[in-house]
Amino acid sequence: SHLFKKYTRYLAAVLICIYVIIGGPVSGFGINPARSFSSALIAGNWNHIWIYIIIPIVGMLSAAELFLWTQKNK
């Protein structure tokens, strides 16, 4: 586990780059929720704004649970 600790920031950076390079053109996502919110506000198009609100919360809670689970199983 200490081996991966040194490389966590690099892995996170690579995953974000892959997400932006592949996910952006495919889904048309916006990585900044504030920008997505302001565009929806001006356009009056609120069809998929829930994704930008709910998914970061779900991701945060999932990461916290995964961390607690891995710490418990040591």
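**Figure 1. Confidence along the predicted chain.** For the chain, the mean pLDDT is 81, with 91% of its residues at 70 or more. Where pLDDT is low, the predicted coordinates should not be read in detail.

**Figure 2. Fold and overall dimensions.** The chain holds 4 helices and 0 strands in the sequence pattern α-α-α-α, helices (H or I, at least four residues) and strands (E, at least two) being DSSP runs numbered from the N terminus. The radius of gyration is 16 Å, well over the 11 Å that the globule rule gives for 74 residues, so the chain is more spread out than a compact globule; this radius is taken over C-alpha atoms, and the rule is 2.2 Å times the number of residues to the power 0.38. Along its principal axes, the C-alpha trace spans about 50 × 25 × 20 Å.

**Figure 3. Burial and Ile55.** Buried residues make up 8% of the 74 residues, whereas Ile55, in helix α4, is partly exposed with a relative accessible area of 46% (buried is under 20%, exposed over 50%, partly exposed in between, with a 1.4 Å probe and protein chains only).

**Notes.** Residues are numbered from 1 along each chain as its sequence is written, and side-chain values use heavy atoms, with hydrogens and water left out. In this predicted model, local features need pLDDT of at least 70 and side-chain atom pairs count only at pLDDT 80 or more, while totals for chains, interfaces and linings use all residues.

Technical notes. pLDDT is the predictor's confidence in each residue, from 0 to 100.
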